[in-house]
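Trainee: Could you take me through one part of this structure closely? I would like to look at the sheet and what surrounds it.

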Amino acid sequence: MANAVSRRSFARLFALGGSAALFSDPAWAAQTAAAPALTPGGASAGEAFWTSVRAQFVMPPDLAVMNAANLCPSSRAVLDTLTRETRGVDLDPSPNNRARLYPEKEKTREALARFLRVTPDEIIITRNTSESNNLVSSGLDLKAGDEVIVHEDNHPSNLNAWREKAKRFGFTVITVPQVNPHPGVAHYLDAYARAITPRTKVITFTHVSSTVGDLMPAAELCALARERGVLSLVDGAQSFGLLDVDLWAIRPDFYSGSAHKWPCGARECGVLYVNKTAQDRLWPSIYSAYPGAVGFSRTFEGFGQRDEATMIALSAALKFQTTVGRVEIETRARSLATQLLEGLRRIPGMQVWTSFDARRRAAVVSFAPGTLNAPKLATALYERDRIAITTRGGSDRPGLRVSPHFYNTPAEVDRLLTALSRYASGASQL
Ligand SMILES: Cc1ncc(COP(=O)(O)O)c(C=O)c1O
């Protein structure tokens, strides 16, 4: 049905609403233009391939957005799917038409399972990582006397959330301190091993930290948890869609992620992986209608009415990443981060918080820009240089955070480094 709606009828709908002017807007034209083909040969074709990857996104070519840790753009494939499926429902919101979307949603579950190398029976489609993390901290039967071990360097949805629920349910939260720079695998394995007691029920940590990009030894920590009879929750907000994540190898009990970060779409869609062996430990937090069709989703994912278009668009995002190449995406993003780190080393005054050791980080890079005011610098970079990065306030390793992804280029990283040198040397004033 949705496919039957021609572009012409879509244009007519807009024109009827008085929005015909939209079609003369260059930004709209860029967004609706057909996606150019990917250069054949994949990553082995070098920069020509990556330029064709960049062209799959509607960001204007002069805008360098290196903020994947916060929000990634959706690719044209995702935008097209989202638009098509949304229009399909709004053109015919009957139960008859909508029913065709449910099997499509199940295809997304299958795609997620393939992507994470687990089974569809273990996949819950959520709104985002925050929701996934909270479904775990609310759904486990924890009480006074139980302990949960969290890494200090977690997002509020996996730190404050545990502390707030501890107030209600009476369990105790034990915190493993973060050490900067990243002290290595042995340090964190030892810290967690020492923190676990007979009262420990869960350990949790962020696979790649959102603060400075520390890569945690996920497989080793999950193995430790299993050995000690403890559940493990891995927050994958910064690894899902960036690293070639293999949950079959990591074997966590729970893993969470958001579609709108590194997977590049769509917004307000996420995943919660629940290992088969842990499913009988997790109570649903929401009881409503429209559950999933297989495995744990049948009892756990009755979240009421959802936006199927968004969930189907996630499938397009995963397909696009698989076409580009999972390993190639990880390698590309990591190499841009390495280029940035090496460049920062050469700019006097930059205090880099992220590990220079590639085994201890991924593609999130944080640094304090010497005596420069970080918020003013970020504003100048955006307004004058068309480079978007983010600031980190507060007293914990404050400054700037740059998170390049596979749609960025070495030229954009060079542009950022050149601009930083200019501001740092005083050649450009803030
Ligand atoms: C490590 C980590 N966990 C959880 C979240 C929450 O993600 P969302 O806002 O998509 O729920 C973020 C967001 O930046 C994050 O970095």
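Mentor: Happy to! Please keep in mind that this is a predicted model. Let's begin with the sheet, which is open and built from seven strands in the order 2-8-7-6-5-3-4, with mixed pairing. Its edges are strand 2 (123-126) and strand 4 (172-176), each of which pairs on one side only. Ignoring direction, neighbouring strands here are turned by 20° against each other on average.

Now zoom in on one pair of strands. Strand 5 (residues 200-206) and strand 6 (residues 231-235) run parallel and are joined by five bridges. To find your place there, look for valine 202, whose bridge partner in strand 6 is leucine 231.

Next, move to the end of the sheet that holds strand 2. Helix 6 (residues 101-116) lies across strand 2 and strand 8 (270-274), and the helix runs at about 115° to strand 2.

From here we can turn to the nonpolar packing. The largest nonpolar core has 110 residues, and the members touching the most others are Leu221, Tyr273, Ala313 and Ala317. Helix 13 (residues 308-324) gives the most to this core, contributing ten residues. Both domain 1 (26-73 + 326-424) and domain 2 (101-321) supply at least three residues each to the core.

Finally, pick out alanine 313 on your screen. Setting aside its neighbours within four places in sequence, alanine 313 is in contact with Val78, Thr81, Leu82 and Glu85, and also with Gly265 and Ala266.

Technical notes
Residues numbered from 1 in each chain as written. Predicted model: local features only at pLDDT ≥ 70, side-chain atom pairs only at ≥ 80, totals over all residues. Core = buried A, V, L, I, M, F, W, Y, C linked by C-beta atoms within 7 Å. Buried ≥ 20, exposed ≤ 12 C-beta atoms within 10 Å, placed from the backbone. Helix = DSSP H or I, 4+ residues; strand = E, 2+ residues; numbered from the N terminus. Domains from an automatic or database assignment. Contact = placed C-beta atoms within 7 Å. Pairing = 2+ DSSP bridges. Axes fitted to C-alpha atoms, helices over the stretch in contact; angles between N-to-C directions.
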